[in-house]
Amino acid sequence: MAAKSKAPVEIDLTTFEPRRLLGQDQSWQQIVDLFHNGTGPSGLILHGPSGIGKRTAALVLAKTLLSGEMPKAGHAENDAAHDRAARMVEQGAHPDLLFLEKLVDKTELTVPVIRRIGAFFSTTGSFSQRRIVIIDGAEQMNREAANALLKRLEEPPTGGLVILIARSLGSLLPTVLSRCSKVAFKPLSPEAFNAWAEAAGQPELAGLGEVAGFAPGQALGLSDGKVLGWLDQLQALSEEFQPQRHAAKAAKLASAIGKNGDQSFRAPFLRALHDRQQDATLSQARRGQGLYREALSAFARIDGLKLNAEDEWRALLARY
């Protein structure tokens, strides 16, 4: 009997769409400076909090380089000169760009994913002198994958560039760090965030700046109202001092988060914890710091040990 063929996997090409980076002028200038000699580094790490433009910067840079151009100061976008390369990237069809990320059924970015770089770099460029690899979520690499990447960074081909997108440098091997140039990204200023919301055609998102940590990606995640509703419930939970009612509210909120939005509520929850520290007494501040550490540990257990997210959230919220 012939084996059943698997259903085709649809690729979300919206990942490749951005052509303009807003609110990160300083970071873009650092990138421009790295390419001032016409070649640039063979390894580049863009690091900073989630949702603030690192992946957009990587794609704008890749589309620029693949068009045969160099990044320009004060021009963090793809224009008509980049259109052909940009369209190919956005269709997932540019043979000189390899985009890698963690497989959906894995908790780490593993060796088989990184090994694809070897075959990719063994060929010559098809439409440009460049071959560019973008690794999104590079902090998720396990040690074996990082060591496999190290080999590629040590022996880059002419025109080869590996761009790592990571939330922090501390999660990457020192040997990987030593072979890459680094550009830090920070949350947008309130003014830049408002400009982003206007440019995105969603001016209503400007009102989410503070709760989103002035991170456009976080704001988009909040825009469906679900997370904002959970934040309202979190605030009500902090004002409930009757133990039985507090436990019931915590369990209800944990159930909703665990089933429908564990990942999307992590950053808003940590920001809410941070904000509570502003007017806290010393004892309250210590409890808040302890809960912050517990939250990070809970998230690691959910990701690494596949524990029930609802149970972990219930334990956290019981102490909120």
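Modeller: We shall take helices, a strand, aromatic rings and some loop residues in turn. Please bear in mind that this is a predicted model.

Colleague: Let us begin with a helix. Which residues of helix α1 are buried?

Modeller: Burial is judged by relative accessible area, and buried means under 20%. In helix α1, which spans residues 25-34, the buried residues are S27, W28, I31 and V32. Viewed down the axis of α1, these buried residues fall within an arc of 145°, so they line one face of the helix. D25 and Q26, on the other side of α1, are exposed.

Colleague: Against which elements do the buried residues of α1 pack?

Modeller: Their packing partners are β1 (43-47), α2 (54-66) and β5 (181-184).

Colleague: Where do the buried residues of α8 lie around its axis?

Modeller: The buried residues in α8 are A192, F193, W196 and A197. They cover an arc of only 145° around the axis, which puts them on the same side of α8. E191 and E198 are exposed on the other side of α8. The buried residues of this helix pack against α9. After α8 comes G201, with a positive phi near 75°.

Colleague: I turn now to a strand. How many of the residues of β1 are buried?

Modeller: For a strand, one asks about each face and then about the partners. Five of the five residues of β1 are buried, so the strand is largely enclosed by the rest of the structure. G43, I45 and H47 are buried on one side, and L44 and L46 are buried on the other, so that both faces are covered.

Colleague: With which strands does β1 pair, and in which sense?

Modeller: Strand β4 (residues 160-166) runs parallel to β1 and is joined to it by five bridges. The pairing of β1 with β5 is also parallel, over four bridges.

Colleague: How is a pair of aromatic rings to be described?

Modeller: Two quantities are used, namely the distance of the centres and the angle of the planes. A search of the whole structure finds 10 aromatic pairs. In one of them, the ring centres of F269 and W313 are 5.1 Å apart and the planes stand at 80°, so the pair is edge-to-face. This pair links distant parts of the chain, since F269 belongs to helix α12 (residues 262-276) and W313 to helix α14 (residues 309-317), 44 residues apart. Both F269 and W313 are buried.

Colleague: What geometry does the pair of F269 and Y320 have?

Modeller: That pair is tilted, with 5.8 Å from centre to centre and 45° between the planes. It too links distant parts of the chain: F269 lies in helix α12 and Y320 in the segment after α14, 51 residues apart. The relative accessible area is 0% for F269 and 8% for Y320, and both residues count as buried.

Colleague: Which residues form the aromatic cluster, and what lies over the face of Y320?

Modeller: One aromatic cluster is formed by W230, F265, F269, F299, W313 and Y320. R276 lies over the face of Y320, at 4.2 Å from the ring centre.

Colleague: Let us conclude with loop residues. Is N78 buried or exposed?

Modeller: N78, in the loop between α2 and α3 (83-90), is buried, with a relative accessible area of 8%. Its side chain makes a polar contact with the side chain of T64, at 3.1 Å. Leaving aside neighbours within four places in sequence, N78 is in contact with P18, R19, L59, V60, K63 and T64.

Colleague: How does K72 read?

Modeller: K72 also lies in the loop between α2 and α3, but it counts as partly exposed, at 45% relative accessibility. Beyond its neighbours within four places in sequence, K72 is in contact with W28 and V32.

Colleague: What is the phi of F214?

Modeller: Most residues other than glycine have a negative phi. F214 has a positive phi of about 55°, although it is not a glycine. Its place is in the loop between α8 (190-199) and α9 (216-222), and it counts as partly exposed, at 23% relative accessibility.

Technical notes. Residues numbered from 1 in each chain as written. Predicted model: local features only at pLDDT ≥ 70, side-chain atom pairs only at ≥ 80, totals over all residues. Heavy atoms only, no water. Buried < 20%, exposed > 50% of the residue type's maximum accessible area, 1.4 Å probe, protein only. Helix = DSSP H or I, 4+ residues; strand = E, 2+ residues; numbered from the N terminus. Arc of directions from axis to C-beta. Contact = heavy atoms within 4.5 Å. Phe/Tyr/Trp six-rings, centres within 6.5 Å; stacked < 30°, edge-to-face > 60°. Lys NZ or Arg CZ within 6 Å of the ring centre and 35° of its normal. Polar contact = N/O pair within 3.5 Å; in protein donor to acceptor, adjacent residues only side chain to side chain. Pairing = 2+ DSSP bridges.
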